[in-house]
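The text below follows two residues through their surroundings. Please keep the sequence and the model in view while reading.

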Amino acid sequence: MSRFFAGFQPGDPPVSVRFGVGTRHDLTPELEALGVTRALILTTPEQADAGAALTQDMGAVAVGAFNGAAMHTPVTVTQEAMAVLSGCKADGIVAIGGGSTIGLAKALAYRSDLPQIVLPTTYAGSEATPVLGQTENGEKTTFASPKVQPEAIVYDPDLVASLPVGLTVTSALNAMAHAVEALYARDANPLSSALAMEGLRAFHGALPGVISDPEDRATREATQFGAWLCGTVLAQVGMSLHHKLCHTLGGSLGLPHADTHAILLPHAMAYNEPATPALAPVAGLFGSDTAAGGLWDFAQSLGAPLRLRDLGVTEADLDRVAEAAVAKPYPNPRDLTRAGIREMLQGALDGTRPNAGDHR
């Protein structure tokens, strides 16, 4: 078991990070440090059993539960959860789940200013960031605030040991997307680049072992460390084309968040790779001539989804997404053209192996 305190934002308090098998059974260090005596437990309908087990472990400290967290953090769901939070007079929030549950915890913390303890069950990495994405009227918006950064993160490898292999792969690629875009971010720095490469290296080294033996706690913990690294770097620098496209697709079409990241990532890399040398170390890590091709090969070897078409996306959807991607300017290493992005999305729709510089 290991514990450390991380804090990279000037003026923000450090975040407590604890790893270890069985850590979920005793949250006393985190509860006492934050002064939480009445906690609301959050999770999704699918993970209600995990929420119930956590409630039992916490005893009288758990004074309420809300099992309605949903993808893309709909504001309507947040409003329902706020009513439960107020009703049970909680003085802290404990979330057990993936990005949906942690997103809801952040949305509640933003509105209530209560402390959060989060126990991730995927590799999405949201727990390590002060970023909240929420959806209202079919549009997803994101913003950063110190109020949404969870104060304590508890990584228990038991919680990801039963994660289905398919979800393991897509969730990991979702996390790796943060690291990839951090490498070519306009505000990248030596620390963010080191965190990003170490996160990619952790997943590259441990994921094949997880796939061959999903219940191996040591490799699971290594991937959790990778998730923390990739999530942490997301809080350090701005994201670019890949995240813009994922948010547009996910928010407007209701696509599964991790699958969308997994499919789009190598194609977004191929679009940007000719315009930046920052991806060269990624090509080296994957032993490929290009970072985009190397990551696509790695994803394919893990059985990751490769085609947007399999998520129900149509060619007409791509026209709209390409238009939205260039509607508002944002930092990206390569100029954004509607034709180039539309061509790149076509490759993601069909699941073809991308090559750097393919697109106009």
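Lys147 touches Ala109, Tyr110, Asp113 and Gln116, leaving aside residues up to four places away in sequence; contact here means heavy atoms within 4.5 Å. This is a predicted model, in which local features need pLDDT of at least 70 and side-chain atom pairs count only at pLDDT 80 or more, while totals for chains, interfaces and linings use all residues. Residues are numbered from 1 along each chain as its sequence is written, and side-chain values use heavy atoms, with hydrogens and water left out.

Tyr110 also meets Lys147 in another way: its backbone oxygen is reached by the side chain of Lys147 at 3.1 Å. Lys147 itself lies in the loop between strand S8 (139-144) and strand S9 (152-155). Strands (E, at least two residues) and helices (H or I, at least four) are DSSP runs, numbered from the N terminus. Lys147 counts as partly exposed because its relative accessibility is 35%; buried means under 20% relative accessible area, exposed over 50%, and partly exposed in between (1.4 Å probe, protein chains only).

The C-alpha atoms of Arg24 and Tyr110 are separated by 24 Å. The side chain of Arg24 makes polar contacts with the side chains of Asp158 (3.0 Å) and His25 (3.4 Å). A polar contact is a pair of N or O atoms within 3.5 Å; within protein, one must be able to donate a hydrogen and the other to accept it, and residues adjacent in sequence count only if both atoms are side-chain atoms.
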